[in-house]
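I opened the model to look up a few local features. My notes follow in the order I made them.

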Amino acid sequence: MILVMGAVIGWPLIQTFVLSLTDTQLMDVSAPSFVGFENFIKGLGNQGFLDALKVSGLFALVVVSSEMILGTGVALLLNEPFRGRNLVRALLILPWAVPTTVNAIMWRLIYNPEYGALNSLLFQLGFLDSYISWLGSADKALWSVMFADVWKNFSLVAMIALASLQTLPDSQIEAAKIDGAGAWQRFRYITLPHLIPSLQVALVLRIIEAVKVFDIIYVMTKGGPANKTRSASIFVYQEAFTNSRMGSGAAYAIIMVSLIMILIAFYIRGLSRREK
Amino acid sequence: MKKGIALLLCLACLLPIFAAGTKESAPSGMIELRFLGMAQAAYSEQNVNDMTADFMKANPNIKVYTEFVPYEELRNKTLLAYGSNNSYDAVLVDDIWFTEYDSKGMLVDITANIPKSYKDGVLAGGWNFTTKKGKIVGLPWFLDTMYLFYNPTMLKAAGYTAAPKSVEEMVEMGRALKAKKIVEYPFVFSLAQAEALICVYSNFLEAFGGSFQDAQGNYILDTSGVKALEFLVSLKKEGLLNPNSLEYLEEDVRRVFSTGDAAFTLNWGYMHALASDPAESKLKKADVGVMVLPGAKGVKDSAAMSGSMGLSVLSKSKNPNEALKYILYLSSKEVQDTYSNLQLPVWTASYDDPSIQAGREDLVAAAKKAFSIMNVRPSVPNYQEVSAIFQQHIQTALYGEKTPKQALTDAVQKVKAL
């Protein structure tokens, strides 16, 4: 197992680290030079990279918190008995099952400033005087992409939460009702504590995914307009492949991985504390 | 354990099935070539595949596998494949990439292998961008520029009987069209954060007499490029430019113009046929005018910036002679004349051929004029990075976050620091 892990994860990581200590250029004919930690020092002082990290951070914060709230709410609704519940539960999986690229293209069409469904809907409802360029506006593009991502991924949180809710014994809720607990109190003191371990798993998974977001942004805006949606992953891609600087691209990638590892460390620490 | 080994053996037995799905195996003695082209309107994938099929029919010992990617991915895919053990034999190269590829030693010097008929027959402007340090490293495949497309019917409705003769006159026409409510936004351009933005901007840069670099190669857009950017910003501020332009690429502006929602746009030659094609457009032939972008008053008559592409053989090709034979075929006069519906040939003689001119005399006339005055974007190895910086800063000015002067000053400083 260690051998397999070492070959699949360890070796590429070591290669990337070695690359990050050089000034390797994509397809450069001359041999790369060893530059030590220069790429890391430059990277941490690069305003473009810091801006891209901010975009990734904001994206993760907004998207994950929205998905947690929305996903939990939907799970609570789907846990209640109503006609057609099984059908709605099955439909819930659809957004998550759509490939990210397809989702991005679909939302690009929905946001289209000439014939997009969103503009049409908001215009007909009287919320808009004229059609809006959602992905072409510096102040709306990132929020528009975030909305598309929430639509796709809230169902994952909802499914995890719903699975957890189904293991909550009805007797606990009934007992609380007999004791006179209101709906909010039942949620606050029984349902939520029961949900938290499952939501923590979903939270960590989604934070890691959201911090390293690439595909949905790349398809929808390619990091534009004016770099307003350029995430750290897109920055790394551009540094390595557009600017041909593989060495510093690797350094930026390692900085990103380090940030994600810090998040994972917090999660593991939290888990071990609870187990104790 | 035994079950695991049995499962692995079963999977191993399935491998040939997957291998068979990737590429049909060629008979022994057959030479295989891989070509990377661009998914675009002209030449379309179908066009190139048809050309390739004809080539293979004439050369039964050569099998060509074609692949196509969007323009935005073409350079990266070429570079990455070249760096792997699975390089392409022949590729399509934008005029702005030749210097970079050549500096990395990726292109085969084909100077000695080009037939005289090609050297003499292809438009001189083509050899300019495929020649690096005195050696020819590519065959011109299409010469192109962003032409000014305008709607003569709309202009007539606003009281204009002739096309604009200067940028200033074009803006006056735009104002009249808007005032008379003939069209809400007379202008639409492809100004998304992409190379298309640089192509539009660089055409206006030419129109206002500006330049990316001075004779020593120093970037001077912070002085010579301000007027062109101020012009675009003023169009937006006046409400003459479709505000969605900032997320549009070429195909988007084609659709807007084709639905009659703009009177002026800049686009490549391929749009000429599609703009009056009933399957693609609401416009009739009389609604589509094409010309070289006029210059600013007192500066120059016309302006054009090259957006041409060529075909090259990559140094890692195991069959460079056959790859050259293939690209010579693709760029031959016969093939180019046959597929000239959406893409004008690179051959001088084709422009005097009545069958090539038929139905698009205005485009051919514009092309002739454009090719004689066409300038090129900076020919530097790090063009992609330079372009990305200018794209971002030009957009900040268009969004009003910075003045054109400030945006270009910041951009030039960043470029100088590379």
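I started with strand 13 (residues 309-313) of chain B, which is mostly covered: five of its five residues are buried. I count a residue as buried if 20 or more other C-beta atoms lie within 10 Å of its own, exposed if 12 or fewer, and partly exposed in between, with C-beta atoms placed from the backbone. Helices (H or I, at least four residues) and strands (E, at least two) are DSSP runs, numbered from the N terminus.

This is a predicted model, so I note the limits: local features need pLDDT of at least 70, side-chain atom pairs count only at pLDDT 80 or more, and totals for chains, interfaces and linings use all residues. Residues are numbered from 1 along each chain as its sequence is written, while chains are lettered from A and ligands numbered from 1 in the order in which they are written.

Which residues of strand 13 of chain B lie on each side? Met309(B), Leu311(B) and Val313(B) are on one side, Gly310(B) and Ser312(B) on the other, and both faces are covered.

I then looked up its partners; strands pair if DSSP finds at least two bridges between them. Strand 3 (residues 90-94) of chain B pairs with strand 13 of chain B over five bridges, in the antiparallel sense. There, Leu92(B) is opposite Leu311(B). Strand 6 (residues 139-142) of chain B also runs antiparallel to strand 13 of chain B, joined by three bridges. Here Phe142(B) faces Met309(B).

Next came helix 9 (residues 195-207) of chain B. Its 13 residues should span 18 Å at 1.5 Å a residue, and the end C-alpha atoms are 19 Å apart, which agrees. The expected span is 1.5 Å times one less than the number of residues. Is this helix enclosed or open? I find 13 of the 13 residues of helix 9 of chain B buried, so it is largely enclosed by the rest of the structure. Gly209(B) follows the helix, with a positive phi near 80 degrees.

Of its 130 residues, Ala90(B), Val200(B) and Tyr201(B) touch the most other members. Helix 9 of chain B gives the most to this core, nine residues. Domain 1 (25-144 + 308-373) and domain 2 (147-305 + 382-416) of chain B both contribute, so the core lies between them. Those domain bounds come from an automatic or database domain assignment.

I listed the contacts of Val200(B), leaving out residues up to four places away in sequence: Met146(B), Phe189(B), Ser190(B), Leu191(B) and Leu266(B). Contact means C-beta atoms, placed from the backbone, within 7 Å. Another core, of 52 residues, lies apart from the largest one and includes Phe59(A), Val74(A), Tyr111(A) and Ala240(A).

Last, I looked at the backbone. Most residues other than glycine have a negative phi, and most peptide bonds are trans. Lys222(A) has a positive phi near 55 degrees. It lies in the loop between helix 10 and helix 11 of chain A. Lys222(A) is partly exposed, with 16 other C-beta atoms within 10 Å. Pro225(A) is in the loop between helix 10 (215-220) and helix 11 (232-242) of chain A. The peptide bond from Gly224(A) to Pro225(A) is cis, with omega near -5 degrees.

Technical notes. A nonpolar core is a set of buried Ala, Val, Leu, Ile, Met, Phe, Trp, Tyr and Cys residues joined through C-beta atoms within 7 Å. Two residues are in contact if their C-beta atoms, placed from the backbone, lie within 7 Å.
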